[in-house]
Amino acid sequence: MNEKTKMIIEEYAASQTQTAETLLMELGKIPAPSHQEDKRAVFCRDWLLSQGAEDVTIDAAKNVVCKIGVKKDTDLIVFMAHMDIVFPDLEPLTMKQEGRRLYAPGIGDDTANLVNLLMAAKFLLQNKPKMNTGFLIVANACEEGLGNLDGCKEIFRTYGSQIRAFYSFDGSLSNCTCEAVGSYRYKITVKTAGGHSWSDFGTPNAIEILCRLVERLYRVQVPTEARTTYNVGYIQGGTTVNSIAQEASVLYEFRSTSQKCLKIMQQNFDDILENMKGAFTIETELLGVRPGNGDISAEALKAFTEKNAEIIQMFCPGEIAYNAASTDSNIPLSLGISANTIGTIAGKNAHTREEWVDLDSIPTGMKIALGLMLQYTEL
């Protein structure tokens with residue numbers, strides 16, 4: 001990036017700081033549970049239209065998709081930040097400011113990053129630089145929890161053959177996710193006839209059967225090609241101390257950075273269930289799938305990440321924390337498309353109601369977001 005472009009970015013961020021803060025305070029009060037982002041989606045769509053967007057829609061997954069410089073069959077670069085937050089609230093979210101800290105549920109994850117995406121898009125809409133490729137600016141749905149990355153999956157179902165690179169703005173400044181942690185999540189339920197603990201002693205007990213199943217799951221040897229883990233995180237069942245349990249269930253997941261390893265774990269899981277026989281039934285419910293890294297060129301991804309790191313460090317000097325995580329980048333990485341999830345804000349206490357963001361970090365993040373976009377344009 002040349003000095004002229006850097007200066008333009010810095011001047012823009014300085015001039016738009018108050019606008020960005022106002023936008024954050026408006027957007028941060030709008031509830032947005034996964035699958036229920038409707039109000040935020042309408043807000044983001046209308047805001048983009050007010051900034052001069054000519055092609056912005058809300059798709060079937062509730063993603064807000066703004067096309068800039070997109071022509072038929074053109075290559076696309078995706079810039080994304082998610083609208084949903086982890087809390088189920090449907091009423092306006094509480095917010096307070098103490099000094100330069102702004103507190104609200106989901107204010108950093110991912111509302112403030114979303115604001116930096118929108119503010120960078122505003123520059124493009126108003127200054128109309130020459131585009132070397134088409135951009136999809138996406139305020140996406142369903143990144144959190146059991147949203148299962150459904151919003152990002154919809155983008156790739158619709159535009160996947162045209163997408164050449166992908167950016168997600170999520171997390172804190174200096175963080176760059178360049179490896180996907182995939183996961184499969186199940187609810188497993190055992191059902192039996194049950195009975196009285198005295199008169200029906202010896203009748204199969206759903207809790208005991210489930211414990212045997214968990215013990216077998218914990219004997220699995222994980223593949224060593226990539227880091228792979230498993231966990232039983234929740235268990236429930238039975239009724240009283242003198243009843244033979246009729247029903248019991250657990251929540252179980254396995255994770256890996258490799259899609260190949262996830263498939264091995266899936267086969268292990270299927271084999272264990274197949275070999276559990278007796279006077280009972282076992283039901284499985286797939287709660288969510290997040291893919292791991294697919295067949296992607298390590299060299300291409302490394303070059304892509306290093307180029308982005310140069311832009312990040314131009315506006316936020318210091319060491320970059322490269323990590324593996326479960327983010328919207330899982331989808332492109334699983335498909336062999338270079339992708340980074342990049343943090344653009346500073347704050348703490350994500351996924352708690354005491355989450356806060358440092359308002360003074362917003363201009364820095366805005367510069368990073370805009371800098372990443374402008375590397376594909378000519379001013």
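How do the axes of helix α1 (residues 3–27) and α9 cross, and within what distance do they come? The two axes come within 8 Å and cross at roughly 125°. This is a predicted model, in which local features need pLDDT of at least 70 and side-chain atom pairs count only at pLDDT 80 or more, while totals for chains, interfaces and linings use all residues. Residues are numbered from 1 along each chain as its sequence is written, and side-chain values use heavy atoms, with hydrogens and water left out.

## Helices that pack together

Helices (H or I, at least four residues) and strands (E, at least two) are DSSP runs, numbered from the N terminus. Axes are lines fitted to C-alpha atoms, for helices over the stretch in contact, and angles run from 0 to 180 degrees between N-to-C directions. Angles under 35 degrees count as roughly parallel, over 145 as roughly antiparallel, 65 to 115 as roughly perpendicular and the rest as oblique.

| Helix pair | Axis separation | Angle |
|---|---|---|
| α1 and α9 | within 8 Å | roughly 125° |
| α3 and α9 | 8 Å | about 50° |
| α1 and α2 | within 11 Å | roughly 155° |

Let us start with α1 and α9, which are therefore oblique to each other. On the α1 side the contact (heavy atoms within 4.5 Å) is made by residues including Ile 9, Tyr 12, Ala 13, Gln 16 and Leu 24, and on the α9 side by residues including Ile 362, Pro 363, Met 366 and Leu 370. The residues of this contact of α1 with α9 divide into 10 nonpolar, 4 polar and 2 charged. In this classification Ala, Val, Leu, Ile, Met, Phe, Trp, Tyr, Cys and Pro count as nonpolar, Asp, Glu, Lys and Arg as charged, and the others, Gly among them, as polar.

Helix α9 (residues 362–374) also packs with helix α3 (residues 107–127). At their angle α3 and α9 are therefore oblique to each other, and the crossing of α3 and α9 is right-handed. Among the residues that meet are Asn 116, Leu 117, Met 119, Phe 123 and Leu 124 in α3, and Gly 365, Ala 369 and Met 373 in α9. The contact of α3 with α9 divides into 13 nonpolar, 2 polar and no charged residues.

Helix α1 has another partner in helix α2 (residues 38–50). These two are therefore roughly antiparallel to each other. Leu 23, Glu 26 and Leu 27 in α1 meet Arg 40, Phe 43, Cys 44 and Trp 47 in α2. By class, the contact of α1 with α2 has 5 nonpolar, no polar and 2 charged residues.

## A closer look at α3

Leu 114 has its place in helix α3. Leu 114 is buried, with a relative accessible area of 0% (buried means under 20% relative accessible area, exposed over 50%, partly exposed in between, with a 1.4 Å probe and protein chains only). Its C-alpha atom is separated by 5.0 Å from that of Ala 81, 33 residues apart along the chain. Leaving aside its neighbours within four places in sequence, Leu 114 is in contact with Leu 27, Cys 44, Ala 81, His 82, Met 83 and Ala 139.

Helix α3 also holds Asp 110, and the peptide bond from Asp 109 to Asp 110 is cis, with omega near 15°.

The buried residues of helix α4 (residues 150–159) are Gly 151, Cys 152, Glu 154, Ile 155, Phe 156 and Tyr 159. They pack against β2 (64–68), β3 (76–82), β7 (134–140), β8 (163–173) and α8 (330–334).

Asp 73 is in the loop between β2 and β3. Its phi is near 65°, a positive value in a residue other than glycine, and at 64% relative accessibility Asp 73 counts as exposed. Ser 174, in the loop between β8 and β9 (175–180), likewise has a positive phi, near 80°. At 26% relative accessibility, Ser 174 counts as partly exposed. As background, most residues other than glycine have a negative phi, and most peptide bonds are trans.

## Cysteines

How many disulfides does a search of the whole structure find? The search finds 0, a disulfide being a pair of cysteine sulfur atoms within 2.5 Å. Cys 316 is in no disulfide, and the nearest cysteine sulfur, that of Cys 176, is 12 Å away. Cys 316 is buried, with a relative accessible area of 18%, whereas Cys 211 is partly exposed at 42%.

Methods:
A crossing is left-handed if the near helix is turned anticlockwise from the far one by less than a right angle, and right-handed if clockwise.
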